[in-house]
Amino acid sequence: MTANASARAIKPELLRTYTEDFNKDRANLIAADAAVSAGVLKAATDYRGVRALPRDFSIELKQGSITNQERSGRCWMFASLNTLRYELMHRWNLEDFEFSETYLFFWDAMEKSNTYLENVLRTLDEATDSRLFEAINESPADDGGWWQMFAALVNKYGLVPKSAYPESENSRNSDDFKQYLNSKLREFAAELRRRSAAGASEDELRALKDEYMGTVYRICAVALGEPPEKFDFFARPKDDDEDKKGEACKCKAEADADGKAESCKCGESCKCEGKSDAKACKCDKDRSDKPKTGKDERPQIREIGITPLEFYKKYVPVDVNDFATLANAPLKNRPFNQRYRIRFSANVAEAGDMEFVNVPLDVFKKAALDQLTAGHPIWFACDCTQFALRKDGFFDQSVVRVDQLFGTEFTGDKAHGLEYGDSPSNHAMTFTGVNLGEDGKPNRWKVENSWGKDAGKDGYYVMSDAWFDRYVTELIIRKEYLDDATRALLTTEPVELDPWQPLTRRCR
(Lines give C-alpha, C1' and ligand atoms only; values in the text may rest on other atoms or scores of the structure.)
Protein backbone atom coordinates (compact mmCIF):
# COMPACT_ATOMS: atom_id res chain seq x y z
CA MET A 1 0.00 0.00 0.00
CA THR A 2 1.40 3.39 -0.99
CA ALA A 3 1.70 6.28 1.46
CA ASN A 4 -1.10 8.18 -0.22
CA ALA A 5 -3.40 5.14 -0.16
CA SER A 6 -2.63 4.60 3.52
CA ALA A 7 -3.58 8.19 4.32
CA ARG A 8 -6.96 7.72 2.64
CA ALA A 9 -7.87 4.47 4.38
CA ILE A 10 -9.84 3.95 7.62
CA LYS A 11 -7.12 3.16 10.14
CA PRO A 12 -7.50 0.02 12.34
CA GLU A 13 -6.46 1.92 15.46
CA LEU A 14 -9.24 4.45 14.82
CA LEU A 15 -11.80 1.65 14.43
CA ARG A 16 -10.77 0.32 17.85
CA THR A 17 -11.25 3.79 19.31
CA TYR A 18 -14.67 4.15 17.66
CA THR A 19 -15.96 0.86 19.07
CA GLU A 20 -14.58 1.54 22.56
CA ASP A 21 -16.24 4.95 22.64
CA PHE A 22 -19.50 3.49 21.38
CA ASN A 23 -19.70 0.71 23.93
CA LYS A 24 -18.85 2.74 26.99
CA ASP A 25 -21.84 5.06 26.46
CA ARG A 26 -25.04 3.47 27.80
CA ALA A 27 -27.19 5.72 25.58
CA ASN A 28 -25.60 4.24 22.46
CA LEU A 29 -26.46 0.71 23.54
CA ILE A 30 -30.08 1.60 24.31
CA ALA A 31 -30.40 3.46 21.01
CA ALA A 32 -28.97 0.52 19.08
CA ASP A 33 -31.36 -1.94 20.75
CA ALA A 34 -34.32 0.27 19.84
CA ALA A 35 -33.25 1.03 16.27
CA VAL A 36 -32.24 -2.52 15.37
CA SER A 37 -35.50 -3.91 16.76
CA ALA A 38 -38.00 -1.27 15.62
CA GLY A 39 -36.26 0.72 12.88
CA VAL A 40 -34.85 4.24 12.94
CA LEU A 41 -38.11 6.19 12.72
CA LYS A 42 -39.95 4.33 15.46
CA ALA A 43 -36.91 4.37 17.70
CA ALA A 44 -36.55 8.12 17.17
CA THR A 45 -40.21 9.01 17.73
CA ASP A 46 -40.62 11.48 20.61
CA TYR A 47 -44.01 11.11 22.32
CA ARG A 48 -43.77 14.66 23.65
CA GLY A 49 -43.40 15.98 20.12
CA VAL A 50 -46.44 13.96 19.04
CA ARG A 51 -48.52 15.36 21.91
CA ALA A 52 -47.46 18.89 20.98
CA LEU A 53 -49.13 18.51 17.55
CA PRO A 54 -52.85 17.85 18.14
CA ARG A 55 -55.02 17.30 15.07
CA ASP A 56 -57.41 20.20 15.53
CA PHE A 57 -57.23 23.46 13.62
CA SER A 58 -58.80 26.88 13.98
CA ILE A 59 -59.20 27.12 10.18
CA GLU A 60 -60.27 23.89 8.49
CA LEU A 61 -61.75 23.16 5.07
CA LYS A 62 -64.29 20.40 4.49
CA GLN A 63 -62.88 18.14 1.80
CA GLY A 64 -64.13 14.97 0.11
CA SER A 65 -62.97 11.43 0.82
CA ILE A 66 -59.24 10.79 0.79
CA THR A 67 -57.59 9.77 -2.50
CA ASN A 68 -54.85 7.25 -3.18
CA GLN A 69 -52.16 7.44 -5.85
CA GLU A 70 -51.04 3.92 -4.86
CA ARG A 71 -47.76 2.77 -6.45
CA SER A 72 -47.41 5.63 -8.91
CA GLY A 73 -45.65 8.99 -9.02
CA ARG A 74 -48.80 11.05 -9.59
CA CYS A 75 -48.82 13.08 -6.36
CA TRP A 76 -48.68 16.41 -8.24
CA MET A 77 -51.73 15.37 -10.24
CA PHE A 78 -53.69 14.15 -7.21
CA ALA A 79 -52.88 17.31 -5.23
CA SER A 80 -53.95 19.46 -8.18
CA LEU A 81 -57.22 17.62 -8.65
CA ASN A 82 -57.88 17.71 -4.91
CA THR A 83 -57.71 21.51 -4.97
CA LEU A 84 -60.18 21.64 -7.89
CA ARG A 85 -62.62 19.04 -6.58
CA TYR A 86 -63.01 21.05 -3.37
CA GLU A 87 -64.14 24.03 -5.44
CA LEU A 88 -66.46 21.88 -7.59
CA MET A 89 -68.03 20.13 -4.60
CA HIS A 90 -68.84 23.37 -2.82
CA ARG A 91 -70.05 25.11 -5.97
CA TRP A 92 -72.51 22.31 -6.79
CA ASN A 93 -73.22 21.22 -3.20
CA LEU A 94 -71.95 17.66 -3.66
CA GLU A 95 -71.23 15.37 -0.73
CA ASP A 96 -68.18 13.91 -2.45
CA PHE A 97 -66.49 13.88 -5.85
CA GLU A 98 -63.28 12.65 -7.45
CA PHE A 99 -61.83 13.46 -10.84
CA SER A 100 -60.24 10.80 -13.02
CA GLU A 101 -56.53 10.93 -12.40
CA THR A 102 -56.02 8.25 -15.05
CA TYR A 103 -57.46 10.53 -17.73
CA LEU A 104 -54.74 13.14 -17.21
CA PHE A 105 -52.15 10.40 -16.66
CA PHE A 106 -52.84 9.10 -20.19
CA TRP A 107 -52.44 12.51 -21.79
CA ASP A 108 -49.42 13.36 -19.65
CA ALA A 109 -47.65 10.23 -20.94
CA MET A 110 -48.51 11.22 -24.51
CA GLU A 111 -47.42 14.82 -24.09
CA LYS A 112 -44.19 14.01 -22.25
CA SER A 113 -43.30 11.52 -24.99
CA ASN A 114 -43.90 14.13 -27.68
CA THR A 115 -41.93 16.80 -25.80
CA TYR A 116 -39.05 14.39 -25.21
CA LEU A 117 -38.78 13.65 -28.93
CA GLU A 118 -39.05 17.37 -29.69
CA ASN A 119 -36.24 18.03 -27.22
CA VAL A 120 -34.17 15.38 -28.95
CA LEU A 121 -34.69 17.26 -32.22
CA ARG A 122 -33.68 20.51 -30.50
CA THR A 123 -30.40 19.02 -29.25
CA LEU A 124 -29.17 17.00 -32.22
CA ASP A 125 -25.78 18.75 -31.99
CA GLU A 126 -25.35 17.82 -28.31
CA ALA A 127 -23.20 14.82 -27.44
CA THR A 128 -25.12 12.07 -25.69
CA ASP A 129 -22.87 12.52 -22.65
CA SER A 130 -23.37 16.28 -22.46
CA ARG A 131 -24.98 17.51 -19.26
CA LEU A 132 -27.97 18.92 -21.14
CA PHE A 133 -28.75 15.78 -23.11
CA GLU A 134 -28.30 13.61 -20.02
CA ALA A 135 -30.87 15.79 -18.21
CA ILE A 136 -33.32 15.48 -21.12
CA ASN A 137 -32.73 11.74 -21.50
CA GLU A 138 -32.86 10.83 -17.80
CA SER A 139 -36.63 10.21 -17.56
CA PRO A 140 -38.38 10.78 -20.89
CA ALA A 141 -41.96 10.16 -19.72
CA ASP A 142 -41.71 9.60 -15.99
CA ASP A 143 -44.68 10.05 -13.64
CA GLY A 144 -43.52 13.18 -11.83
CA GLY A 145 -44.59 16.76 -12.42
CA TRP A 146 -45.66 20.19 -11.19
CA TRP A 147 -48.83 22.27 -11.08
CA GLN A 148 -48.02 23.99 -14.38
CA MET A 149 -47.87 20.61 -16.12
CA PHE A 150 -51.32 19.92 -14.68
CA ALA A 151 -52.64 23.28 -15.89
CA ALA A 152 -51.27 22.66 -19.39
CA LEU A 153 -53.06 19.29 -19.56
CA VAL A 154 -56.36 20.71 -18.30
CA ASN A 155 -56.23 23.60 -20.77
CA LYS A 156 -55.76 21.19 -23.66
CA TYR A 157 -57.76 18.11 -22.65
CA GLY A 158 -60.20 19.17 -19.93
CA LEU A 159 -61.29 16.95 -17.04
CA VAL A 160 -63.56 13.97 -16.47
CA PRO A 161 -65.05 12.39 -13.33
CA LYS A 162 -63.51 9.17 -12.12
CA SER A 163 -66.59 7.20 -13.14
CA ALA A 164 -65.90 8.08 -16.80
CA TYR A 165 -62.31 6.76 -16.76
CA PRO A 166 -61.47 4.73 -13.63
CA GLU A 167 -58.11 3.47 -12.46
CA SER A 168 -56.31 0.60 -14.18
CA GLU A 169 -53.64 -1.71 -12.88
CA ASN A 170 -51.03 0.32 -14.76
CA SER A 171 -52.16 3.65 -13.36
CA ARG A 172 -52.15 2.24 -9.83
CA ASN A 173 -48.74 0.64 -10.33
CA SER A 174 -47.02 2.44 -13.18
CA ASP A 175 -43.43 1.17 -13.12
CA ASP A 176 -43.72 -1.53 -15.78
CA PHE A 177 -45.74 0.62 -18.17
CA LYS A 178 -43.33 3.54 -17.89
CA GLN A 179 -40.23 1.33 -18.07
CA TYR A 180 -41.08 0.04 -21.52
CA LEU A 181 -42.49 3.33 -22.76
CA ASN A 182 -39.22 5.04 -21.82
CA SER A 183 -37.18 2.28 -23.44
CA LYS A 184 -39.07 2.72 -26.70
CA LEU A 185 -38.69 6.49 -26.57
CA ARG A 186 -34.92 6.18 -26.19
CA GLU A 187 -34.85 3.86 -29.21
CA PHE A 188 -36.74 6.51 -31.17
CA ALA A 189 -34.27 9.17 -29.96
CA ALA A 190 -31.29 7.12 -31.16
CA GLU A 191 -32.89 6.63 -34.58
CA LEU A 192 -33.71 10.33 -34.94
CA ARG A 193 -30.11 11.21 -34.15
CA ARG A 194 -28.83 8.56 -36.58
CA ARG A 195 -31.10 9.82 -39.38
CA SER A 196 -30.02 13.39 -38.69
CA ALA A 197 -26.34 12.44 -38.91
CA ALA A 198 -27.11 10.72 -42.22
CA GLY A 199 -28.49 13.95 -43.63
CA ALA A 200 -32.28 13.73 -43.06
CA SER A 201 -34.06 17.08 -43.20
CA GLU A 202 -36.00 18.60 -40.30
CA ASP A 203 -39.30 17.88 -42.09
CA GLU A 204 -38.30 14.24 -42.59
CA LEU A 205 -37.32 13.89 -38.95
CA ARG A 206 -40.55 15.47 -37.72
CA ALA A 207 -42.60 13.19 -39.98
CA LEU A 208 -40.75 10.25 -38.46
CA LYS A 209 -41.50 11.61 -34.98
CA ASP A 210 -45.21 11.76 -35.84
CA GLU A 211 -45.04 8.11 -36.89
CA TYR A 212 -43.34 7.22 -33.63
CA MET A 213 -46.10 8.93 -31.68
CA GLY A 214 -48.55 6.41 -33.16
CA THR A 215 -46.60 3.69 -31.35
CA VAL A 216 -46.64 5.76 -28.16
CA TYR A 217 -50.43 6.08 -28.39
CA ARG A 218 -50.75 2.32 -28.83
CA ILE A 219 -48.60 1.64 -25.75
CA CYS A 220 -50.61 4.10 -23.64
CA ALA A 221 -53.97 2.79 -24.88
CA VAL A 222 -53.00 -0.82 -24.20
CA ALA A 223 -51.75 0.02 -20.70
CA LEU A 224 -54.53 2.40 -19.64
CA GLY A 225 -57.39 2.02 -22.11
CA GLU A 226 -58.41 4.79 -24.48
CA PRO A 227 -59.67 7.99 -22.83
CA PRO A 228 -63.26 9.10 -23.52
CA GLU A 229 -64.03 11.79 -26.07
CA LYS A 230 -67.48 12.26 -24.52
CA PHE A 231 -69.15 10.86 -21.42
CA ASP A 232 -72.29 11.04 -19.32
CA PHE A 233 -72.23 12.75 -15.94
CA PHE A 234 -74.71 12.22 -13.14
CA ALA A 235 -74.69 13.63 -9.62
CA ARG A 236 -77.09 14.59 -6.84
CA PRO A 237 -76.54 17.68 -4.72
CA LYS A 238 -76.67 16.83 -1.05
CA ASP A 239 -79.79 17.62 0.95
CA ASP A 240 -78.78 20.06 3.67
CA ASP A 241 -81.87 19.11 5.67
CA GLU A 242 -81.45 15.37 5.22
CA ASP A 243 -80.22 14.70 8.72
CA LYS A 244 -83.11 16.74 10.13
CA LYS A 245 -85.91 14.80 8.46
CA GLY A 246 -87.93 12.70 10.88
CA GLU A 247 -86.13 14.04 13.91
CA ALA A 248 -87.91 15.63 16.80
CA CYS A 249 -87.82 19.41 16.64
CA LYS A 250 -85.57 20.92 19.26
CA CYS A 251 -87.96 23.77 20.06
CA LYS A 252 -87.76 25.46 23.39
CA ALA A 253 -90.39 24.15 25.76
CA GLU A 254 -91.26 27.58 27.02
CA ALA A 255 -93.92 29.53 25.11
CA ASP A 256 -93.37 33.15 24.26
CA ALA A 257 -95.57 35.97 25.39
CA ASP A 258 -98.20 35.16 22.73
CA GLY A 259 -98.40 31.54 23.78
CA LYS A 260 -96.59 30.33 20.65
CA ALA A 261 -93.46 28.24 20.63
CA GLU A 262 -90.31 30.13 19.66
CA SER A 263 -88.39 29.43 16.44
CA CYS A 264 -86.90 25.95 16.61
CA LYS A 265 -83.32 25.03 15.86
CA CYS A 266 -84.22 23.24 12.64
CA GLY A 267 -83.76 26.39 10.63
CA GLU A 268 -87.51 27.02 10.12
CA SER A 269 -90.26 28.47 12.25
CA CYS A 270 -91.60 25.69 14.43
CA LYS A 271 -95.14 24.58 13.58
CA CYS A 272 -95.90 23.13 16.99
CA GLU A 273 -98.96 24.19 18.83
CA GLY A 274 -98.41 26.84 21.45
CA LYS A 275 -98.16 24.64 24.47
CA SER A 276 -95.60 25.43 27.12
CA ASP A 277 -95.06 21.76 27.89
CA ALA A 278 -94.40 20.76 24.27
CA LYS A 279 -91.41 18.42 24.28
CA ALA A 280 -91.19 17.63 20.56
CA CYS A 281 -92.89 18.15 17.23
CA LYS A 282 -92.60 17.49 13.52
CA CYS A 283 -91.17 20.57 11.89
CA ASP A 284 -92.12 19.79 8.32
CA LYS A 285 -95.69 18.47 8.51
CA ASP A 286 -96.25 18.74 4.79
CA ARG A 287 -93.33 16.44 4.08
CA SER A 288 -94.18 14.01 6.87
CA ASP A 289 -97.72 13.60 5.51
CA LYS A 290 -96.41 12.30 2.17
CA PRO A 291 -96.14 8.52 1.82
CA LYS A 292 -92.61 7.18 2.23
CA THR A 293 -91.47 5.38 -0.93
CA GLY A 294 -87.70 5.28 -0.42
CA LYS A 295 -87.26 7.24 -3.64
CA ASP A 296 -84.43 9.77 -3.71
CA GLU A 297 -86.19 13.08 -4.28
CA ARG A 298 -83.06 15.23 -4.44
CA PRO A 299 -82.51 17.26 -7.61
CA GLN A 300 -80.23 15.78 -10.23
CA ILE A 301 -77.32 17.03 -12.29
CA ARG A 302 -77.33 15.12 -15.54
CA GLU A 303 -75.21 15.56 -18.65
CA ILE A 304 -75.36 13.29 -21.70
CA GLY A 305 -72.47 13.24 -24.13
CA ILE A 306 -70.45 16.09 -22.62
CA THR A 307 -66.80 16.53 -23.63
CA PRO A 308 -63.96 16.80 -21.10
CA LEU A 309 -63.31 20.44 -22.00
CA GLU A 310 -67.02 21.27 -21.75
CA PHE A 311 -67.16 19.57 -18.36
CA TYR A 312 -64.17 21.54 -17.05
CA LYS A 313 -65.51 24.88 -18.26
CA LYS A 314 -69.04 24.26 -17.02
CA TYR A 315 -68.54 22.55 -13.67
CA VAL A 316 -65.15 23.69 -12.31
CA PRO A 317 -65.62 27.21 -10.88
CA VAL A 318 -61.93 28.18 -11.10
CA ASP A 319 -59.53 28.76 -14.00
CA VAL A 320 -56.27 26.81 -13.71
CA ASN A 321 -54.50 29.78 -15.29
CA ASP A 322 -55.42 32.06 -12.38
CA PHE A 323 -52.72 30.57 -10.15
CA ALA A 324 -49.04 31.40 -9.68
CA THR A 325 -46.12 29.31 -8.41
CA LEU A 326 -44.37 30.83 -5.42
CA ALA A 327 -41.06 29.43 -4.23
CA ASN A 328 -39.12 30.07 -1.07
CA ALA A 329 -35.53 29.19 -1.98
CA PRO A 330 -33.04 31.24 0.09
CA LEU A 331 -30.10 30.73 -2.28
CA LYS A 332 -27.48 33.33 -3.16
CA ASN A 333 -27.80 32.49 -6.85
CA ARG A 334 -31.63 32.75 -6.69
CA PRO A 335 -32.29 36.30 -5.46
CA PHE A 336 -35.71 36.89 -3.99
CA ASN A 337 -38.38 38.92 -5.79
CA GLN A 338 -37.38 37.55 -9.18
CA ARG A 339 -39.24 35.47 -11.75
CA TYR A 340 -37.49 32.31 -13.02
CA ARG A 341 -38.08 29.88 -15.89
CA ILE A 342 -36.60 26.36 -16.06
CA ARG A 343 -35.50 25.26 -19.53
CA PHE A 344 -36.73 21.93 -20.91
CA SER A 345 -39.25 21.48 -18.08
CA ALA A 346 -42.53 21.41 -20.05
CA ASN A 347 -44.71 18.36 -20.53
CA VAL A 348 -46.94 19.94 -23.24
CA ALA A 349 -44.47 21.22 -25.82
CA GLU A 350 -46.46 24.27 -26.90
CA ALA A 351 -47.42 25.29 -23.34
CA GLY A 352 -44.01 26.55 -22.24
CA ASP A 353 -41.63 25.72 -19.43
CA MET A 354 -42.19 25.82 -15.68
CA GLU A 355 -41.93 29.25 -14.02
CA PHE A 356 -41.88 30.44 -10.43
CA VAL A 357 -41.41 33.61 -8.43
CA ASN A 358 -38.92 33.33 -5.57
CA VAL A 359 -40.10 35.28 -2.51
CA PRO A 360 -39.02 35.69 1.13
CA LEU A 361 -40.58 33.43 3.74
CA ASP A 362 -42.89 36.08 5.20
CA VAL A 363 -44.44 36.81 1.79
CA PHE A 364 -44.61 33.07 1.05
CA LYS A 365 -46.42 32.25 4.30
CA LYS A 366 -48.80 35.21 4.21
CA ALA A 367 -50.07 34.15 0.78
CA ALA A 368 -50.81 30.69 2.16
CA LEU A 369 -52.61 32.05 5.21
CA ASP A 370 -54.68 34.49 3.16
CA GLN A 371 -55.83 31.78 0.76
CA LEU A 372 -56.73 29.28 3.50
CA THR A 373 -58.49 31.93 5.54
CA ALA A 374 -60.57 32.79 2.48
CA GLY A 375 -61.64 29.14 2.25
CA HIS A 376 -59.48 27.69 -0.54
CA PRO A 377 -57.06 24.73 -0.32
CA ILE A 378 -53.44 25.05 -1.45
CA TRP A 379 -51.23 22.82 -3.59
CA PHE A 380 -47.72 22.71 -2.12
CA ALA A 381 -44.46 20.84 -2.65
CA CYS A 382 -41.90 19.75 -0.08
CA ASP A 383 -39.38 17.08 0.81
CA CYS A 384 -41.69 14.56 2.44
CA THR A 385 -38.85 12.30 3.61
CA GLN A 386 -37.13 14.58 6.12
CA PHE A 387 -38.11 14.25 9.80
CA ALA A 388 -41.41 12.65 8.81
CA LEU A 389 -43.51 9.83 10.22
CA ARG A 390 -45.18 8.97 6.93
CA LYS A 391 -47.23 6.13 8.33
CA ASP A 392 -48.48 7.98 11.41
CA GLY A 393 -48.88 11.36 9.74
CA PHE A 394 -46.40 13.81 11.29
CA PHE A 395 -44.01 16.30 9.72
CA ASP A 396 -41.92 17.75 12.52
CA GLN A 397 -38.29 17.68 13.63
CA SER A 398 -39.43 17.59 17.27
CA VAL A 399 -41.28 14.32 16.61
CA VAL A 400 -38.53 12.49 14.72
CA ARG A 401 -35.59 12.90 17.10
CA VAL A 402 -32.90 11.20 15.05
CA ASP A 403 -30.51 13.72 16.58
CA GLN A 404 -31.05 12.10 19.98
CA LEU A 405 -31.02 8.59 18.54
CA PHE A 406 -27.71 9.03 16.72
CA GLY A 407 -26.18 11.48 19.17
CA THR A 408 -25.51 14.18 16.58
CA GLU A 409 -27.26 17.39 15.57
CA PHE A 410 -28.61 17.96 12.06
CA THR A 411 -27.90 21.64 11.47
CA GLY A 412 -28.43 22.10 7.74
CA ASP A 413 -30.78 24.96 6.85
CA LYS A 414 -33.11 25.37 3.88
CA ALA A 415 -30.43 26.84 1.62
CA HIS A 416 -28.08 23.95 2.41
CA GLY A 417 -30.80 21.39 1.67
CA LEU A 418 -31.46 22.89 -1.77
CA GLU A 419 -27.88 23.66 -2.75
CA TYR A 420 -26.55 20.21 -1.84
CA GLY A 421 -29.59 18.28 -3.05
CA ASP A 422 -30.40 17.04 0.44
CA SER A 423 -34.01 18.26 0.56
CA PRO A 424 -35.39 19.27 -2.84
CA SER A 425 -39.12 19.10 -3.47
CA ASN A 426 -40.14 15.51 -4.14
CA HIS A 427 -43.81 15.30 -3.16
CA ALA A 428 -46.94 17.44 -3.63
CA MET A 429 -49.89 17.55 -1.22
CA THR A 430 -52.69 19.93 -0.25
CA PHE A 431 -53.09 22.26 2.71
CA THR A 432 -56.67 22.10 4.01
CA GLY A 433 -56.27 23.76 7.39
CA VAL A 434 -54.10 25.75 9.74
CA ASN A 435 -54.14 26.49 13.46
CA LEU A 436 -53.50 30.02 14.65
CA GLY A 437 -52.16 30.67 18.13
CA GLU A 438 -53.18 33.45 20.47
CA ASP A 439 -50.76 35.75 18.65
CA GLY A 440 -52.56 35.08 15.36
CA LYS A 441 -49.55 33.25 13.91
CA PRO A 442 -49.67 29.66 12.58
CA ASN A 443 -48.27 26.87 14.73
CA ARG A 444 -49.41 23.81 12.75
CA TRP A 445 -50.91 22.97 9.36
CA LYS A 446 -53.41 20.34 8.20
CA VAL A 447 -52.24 18.35 5.18
CA GLU A 448 -54.36 16.25 2.83
CA ASN A 449 -52.20 13.52 1.33
CA SER A 450 -52.87 11.10 -1.54
CA TRP A 451 -51.62 7.89 0.06
CA GLY A 452 -55.02 6.51 1.05
CA LYS A 453 -56.96 6.69 4.30
CA ASP A 454 -54.67 4.23 6.10
CA ALA A 455 -51.73 6.66 5.98
CA GLY A 456 -51.63 9.34 8.64
CA LYS A 457 -54.89 9.92 10.51
CA ASP A 458 -57.58 8.90 8.01
CA GLY A 459 -55.32 10.17 5.22
CA TYR A 460 -54.48 13.52 6.85
CA TYR A 461 -51.18 14.72 8.28
CA VAL A 462 -50.19 17.44 10.73
CA MET A 463 -47.17 19.64 10.04
CA SER A 464 -45.47 21.93 12.52
CA ASP A 465 -44.90 25.52 11.46
CA ALA A 466 -41.15 25.09 11.92
CA TRP A 467 -41.21 22.16 9.46
CA PHE A 468 -43.17 24.34 7.00
CA ASP A 469 -40.44 26.98 7.18
CA ARG A 470 -37.66 24.44 6.60
CA TYR A 471 -39.03 22.00 4.03
CA VAL A 472 -41.96 23.55 2.11
CA THR A 473 -40.49 25.11 -1.02
CA GLU A 474 -43.39 25.69 -3.43
CA LEU A 475 -46.98 26.97 -3.15
CA ILE A 476 -49.64 27.36 -5.83
CA ILE A 477 -51.50 30.56 -4.96
CA ARG A 478 -54.53 32.15 -6.57
CA LYS A 479 -53.33 35.44 -8.02
CA GLU A 480 -55.98 37.36 -6.07
CA TYR A 481 -54.16 36.47 -2.82
CA LEU A 482 -50.77 37.77 -3.94
CA ASP A 483 -49.64 41.16 -2.75
CA ASP A 484 -49.24 43.84 -5.41
CA ALA A 485 -45.45 43.60 -5.54
CA THR A 486 -45.47 39.82 -6.04
CA ARG A 487 -48.26 40.00 -8.63
CA ALA A 488 -46.24 42.54 -10.60
CA LEU A 489 -43.32 40.09 -10.81
CA LEU A 490 -45.44 37.71 -12.90
CA THR A 491 -45.06 39.99 -15.93
CA THR A 492 -41.31 40.65 -15.63
CA GLU A 493 -38.71 39.02 -17.87
CA PRO A 494 -37.74 35.66 -16.32
CA VAL A 495 -34.22 34.50 -15.56
CA GLU A 496 -33.54 31.24 -17.42
CA LEU A 497 -32.40 28.25 -15.36
CA ASP A 498 -30.91 24.97 -16.55
CA PRO A 499 -32.90 21.77 -15.96
CA TRP A 500 -30.41 20.31 -13.46
CA GLN A 501 -30.45 23.29 -11.10
CA PRO A 502 -32.18 23.22 -7.66
CA LEU A 503 -35.99 23.23 -7.38
CA THR A 504 -36.37 21.28 -10.62
CA ARG A 505 -37.02 17.74 -9.38
CA ARG A 506 -40.47 16.63 -10.44
CA CYS A 507 -42.79 15.78 -7.55
CA ARG A 508 -43.80 12.13 -7.34
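User: What makes strand 4 (residues 323-327) mostly covered?

Analyst: In this predicted model, five of the five residues of strand 4 are buried. Phe 323, Thr 325 and Ala 327 point one way, Ala 324 and Leu 326 the other way, and all are buried.

User: Which strands pair with strand 4, and how do you know?

Analyst: Two strands count as paired if there are at least two bridges between them. Strand 4 and strand 13 (residues 472-478) share five bridges in the antiparallel sense, so they pair. Phe 323 has Arg 478 as its bridge partner in strand 13. Strand 6 (residues 355-358) runs parallel to strand 4 and is joined to it by two bridges, so this also counts as pairing. Here Leu 326 stands opposite Val 357.

User: What makes the contact between Arg 478 and Glu 480 a salt bridge?

Analyst: The N to O distance between the side chains is 3.1 Å, and the cut-off is within 4 Å, so the pair qualifies. Glu 480 has a relative accessible area of 52%; exposed means over 50%, so Glu 480 is exposed.

User: How do you know whether Lys 314 and Glu 303 are buried, exposed or partly exposed?

Analyst: Lys 314 has 47% relative accessibility, which lies between the 20% and 50% limits, so Lys 314 is partly exposed. Glu 303, at 14%, falls under 20% and is therefore buried. Their side chains meet in a salt bridge at 2.3 Å, N to O. That pair links helix 14 (residues 308-315) and strand 3 (residues 301-306).

Notes: Residues are numbered from 1 along each chain as its sequence is written. This is a predicted model: local features need pLDDT of at least 70, side-chain atom pairs count only at pLDDT 80 or more; totals for chains, interfaces and linings use all residues. Side-chain values use heavy atoms; hydrogens and water are left out. Buried means under 20% relative accessible area, exposed over 50%, partly exposed in between (1.4 Å probe, protein chains only). Helices (H or I, at least four residues) and strands (E, at least two) are DSSP runs, numbered from the N terminus.
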